[in-house]
Amino acid sequence: MAKTAITPTRHDDYPEWYQQVIKAADLAENSDVRGCMVIKPWGWAIWENMQRVLDGMFKATGHENAYFPLFIPLSFLQKEADHVEGFAKECAVVTHHRLKPGPDGKLVPDPASQLEEPLIVRPTSETIIGSTYARWVESYRDLPILINQWANVVRWEMRTRLFLRTTEFLWQEGHTAHATAEEAQEETMRMLGVYADFAENWMAMPVIQGEKTAGERFPGAVSTFAIEAMMQDRKALQAGTSHFLGQNFSKAQKIKFQDQNGTEQFAWTTSWGVSTRLVGGLIMTHSDDDGLVLPPRLAPKHIVLLPIYRSDDEKPQVLAYVASLKKELESQDFADGKVRVLIDDRDIRGGEKNWYHVKRGVPLRAEIGPKDIAKNGVFLARRDTGEKAGVERGELVATIGQRLTDIQNGLFQRALKLREENTREINTEGEFLEYFTPKNKNEDKAEIHGGFALCHFAEGPQLDELLKKHKVTIRCIPLAGAGEGGQCFLTGQPSAKRAVFAKAY
RNA sequence: CGGGGUGUGGCUCAGCCUGGUAGAGCGCUUGGUUCGGGACCAAGAAGUCGCAGGUUCAAAUCCUGUCACCCCGACCA
């Protein structure tokens, strides 16, 4: 039977498939507020797992959590020139603090309540946190400051997509201040490494760590680093960024300290963040035409037990068996905790119930009915490969951790293979155009083509124009690999290293 | 902000051209037969047709205005 749970398939219409997976897995939905989503319990549970693991990693690298205001005085944004330019066009602005009935009875802002200085809803918190740090820092002994905050931010984007780009989104933003440039640069790279570690070992999403080119840099940063992942439509997703801000923000916000010689110095700062976009990346990396596929280490539930009984006589026996199995499985270790088990004994049809969990991406499903109990076992199905087999109870309990690890590793390898098969070096404009041009132009919705191209390049108007025309972007200059010198594929100018070029989200 | 489109039960939509007072599928409720991979039959509940005007004996349908949302472009984690 060729029927898939998700219509359309990835092949037929990837963007629509993505939306349908989210709907089928009940992760999130559009809200009554334009561009803002409601994250539903199953989606939130995934984000919670991400938060918990990342938070542990931040603390293990010496950071503490704190919280700063949602609102930022408008003037703060202006203190860093590049920063303003980057964010001014997408700011939500608060101008009043009171409403009153207007001429037609509808509530309108009360003119008498206009704020002297408008507030913006934070699009990112460098400025407000920087100005706070300025008060905290006097001596080199006050440094470094290593703080992270979990927060929501607002960027008024023109077009939104669930998880990938929403007007309001949830993220963490780390903000650190250091006495030396070297220390701040080390911090920048350390956190990039933490993100890569998380992406690969928890999300099972292979990433390329690299530096952004000048054109793609965070507004106000000296250098920006990112992890880039390939989705199943071979487009790139920027999954996390880490910025070395130099002294740009410390000068703007006056974060000054006296060094050991009594000389006044500006601090060196960094910032780094990942967002709920990671959930989108997770979906697009692993899911298939039957819905969500979750890497076990982040799955809210590792295994769902599905009791099967025909009559009320069989019910107590089956439920008792399932309950005791749940207990045994939950005593087993996996990843950073125990095995997470769900019993689904809702009174709905077996087939429907099964599909429900397929679509939600639960790594393992175990059907347990009288026949299985007679053999003291379960009928086990693997979400990622679709394999099904009878498994003896004791064996299941003993191997559950290993089975989940196998799934986790299998997902990573599958994703890595896709990326490797769709990454190639490109040296001429002709090859470049061939690679990134859709073959069947009438159906660009269904089009999946190209991938990652590794090209020598020289930034300039000629390259900008080509990239803009074909909607290709420079993702990053990979850190890994020695990188032999060469010539720009377009202009022939000398180039030190290849960069990853791709269409992107 | 430009260009295109759509607003009709919870969801997806038909009906509009050629006005006559609202339909289908899915979902939901109830009953029955089923039940180891998305069941079937029957009976029900549920809509002031986005909003405001206008034309008309009569408006979901025609006209004007307005609001909202969607798609394409510029922006972007």
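Apart from neighbours within four places in sequence, Q493 contacts A458, Q487 and C488 (contact: C-beta atoms, placed from the backbone, within 7 Å). The model is predicted, with local features requiring pLDDT of at least 70 and side-chain atom pairs pLDDT 80 or more, whereas totals for chains, interfaces and linings use all residues. Residues are numbered from 1 along each chain as its sequence is written, and chains are lettered from A and ligands numbered from 1 in the order in which they are written. Q493 lies in the loop between β27 (486-487) and β28 (494-495); strands (E, at least two residues) and helices (H or I, at least four) are DSSP runs numbered from the N terminus. With 14 other C-beta atoms within 10 Å, Q493 is partly exposed (buried: 20 or more such atoms; exposed: 12 or fewer; partly exposed: in between).

The buried residues of helix α2 are G43, I46, W47, N49, M50, L54 and F58. Viewed down the axis of α2, these fall within an arc of 165 degrees and therefore line one face of the helix, the arc being that of the directions from the helix axis to the C-beta atoms.

The axes of α2 and helix α8 (residues 277-286) come within 10 Å and cross at roughly 110 degrees (axes are lines fitted to C-alpha atoms over the stretch in contact, with angles from 0 to 180 degrees between N-to-C directions). The two helices are thus roughly perpendicular, a class covering 65 to 115 degrees. In this pairing, G43, I46, W47 and M50 of α2 meet L278, V279 and L282 of α8.

Note on methods
Angles under 35 degrees count as roughly parallel, over 145 as roughly antiparallel, 65 to 115 as roughly perpendicular and the rest as oblique. Two residues are in contact if their C-beta atoms, placed from the backbone, lie within 7 Å.
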